[in-house]
Amino acid sequence: MTMRIDVLTLFPEMFESPLSHSILKRAQQQGIVEIVLSNIREFAADAYRKVDDKPYGGGPGMVMMCPPVFACAEHVRSLRPQPGRLILLTPQGAPLTQAKAIELSREPRLILVAGRYEGFDERIREGLDAEELSIGDYVLSGGELAAMVVIDAVVRLLDGALGDEDSAANDSFGDGLLEYPHYTRPEEFRGMRVPQILLSGDHGRIAQWRLEQSLQRTQQRRPDLYAAWLARRQATNKTLKKDKNQEIET
Ligand code: ADE
């Protein structure tokens, strides 16, 4: 089934280029995903098309107002039978991880809301039953780039979005580890040689080498991921052992 992604934004034009190249373009052309942009400003009730206002209690910046965001979200929700998971892009959201991208790729419908200014009126979160996602611990000037990152990470996981040769199976983070190093022709470049083992044709030893490289890289660059991988492996080894003992007992 075609996944549907709605994007609610004040700047739909920002999405045009990323959505019209490479994998995202192909996935839309092939009917794997349908991505629909809606301009929140078109749902502003007043003649000035106002979408933001000063914060109650004072302070700098402007806050996205409830009425246009609610009107836009409710309109978009009514276009399909599935309400869809509605996600606000904010630096306070749950972190976008590969596991989260995989989870989202299994949804029939996502509604991504990109905000500008200082943030959203708090009642948007409550009243629209919204989740929040962050793409990292830094502050962007708006949620648009974050929404594009979510779209890219999710769509490439959909069945048929990647050709065989760029399969997502070996992605970094897929098994909680960083990817092994890659090489292509020429065999030697400015004195740097491709590791001999990759030229050996011995698929078993190549797989073993790649796993070792993945582990080494992860340990060096992302000790947090490495520790989590070790803990998971210990836990599965324990349950495997337990299952075996039970098998023997019964
Ligand atoms: N909007 C501003 N900063 C953001 C971030 N880090 N992630 C998601 N949305 C954002």
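**View 1. D52 stands opposite M64 in strand 4.** Strand 4 covers residues 63-64 and pairs with strand 3 in the antiparallel sense, over two bridges. Strands here are DSSP runs of E with at least two residues, and helices are runs of H or I with at least four residues, both numbered from the N terminus. Two strands pair if DSSP finds at least two bridges between them. This is a predicted model, in which local features need pLDDT of at least 70 and side-chain atom pairs count only at pLDDT 80 or more, while totals for chains, interfaces and linings use all residues. Residues are numbered from 1 along each chain as its sequence is written, and side-chain values use heavy atoms, with hydrogens and water left out.

**View 2. Three strands form an open sheet in the order 3-4-7.** The pairing in this sheet is mixed. Strand 3 (52-53) and strand 7 (119-120) each have a single partner strand, so one side of each edge strand has no neighbour in the sheet.

**View 3. R217 lies in helix 7, which spans residues 203-221.** R217 is partly exposed because its relative accessibility is 23%; buried means under 20% relative accessible area, exposed over 50%, and partly exposed in between (1.4 Å probe, protein chains only). Apart from neighbours within four places in sequence, R217 is in contact with L178, E179, Y180, P181 and R222. Contact means heavy atoms within 4.5 Å.

**View 4. The domain assignment gives domain 1 (3-155) and domain 2 (188-249).** These bounds come from an automatic or database domain assignment. The C-alpha centres of domain 1 and domain 2 are 38 Å apart.
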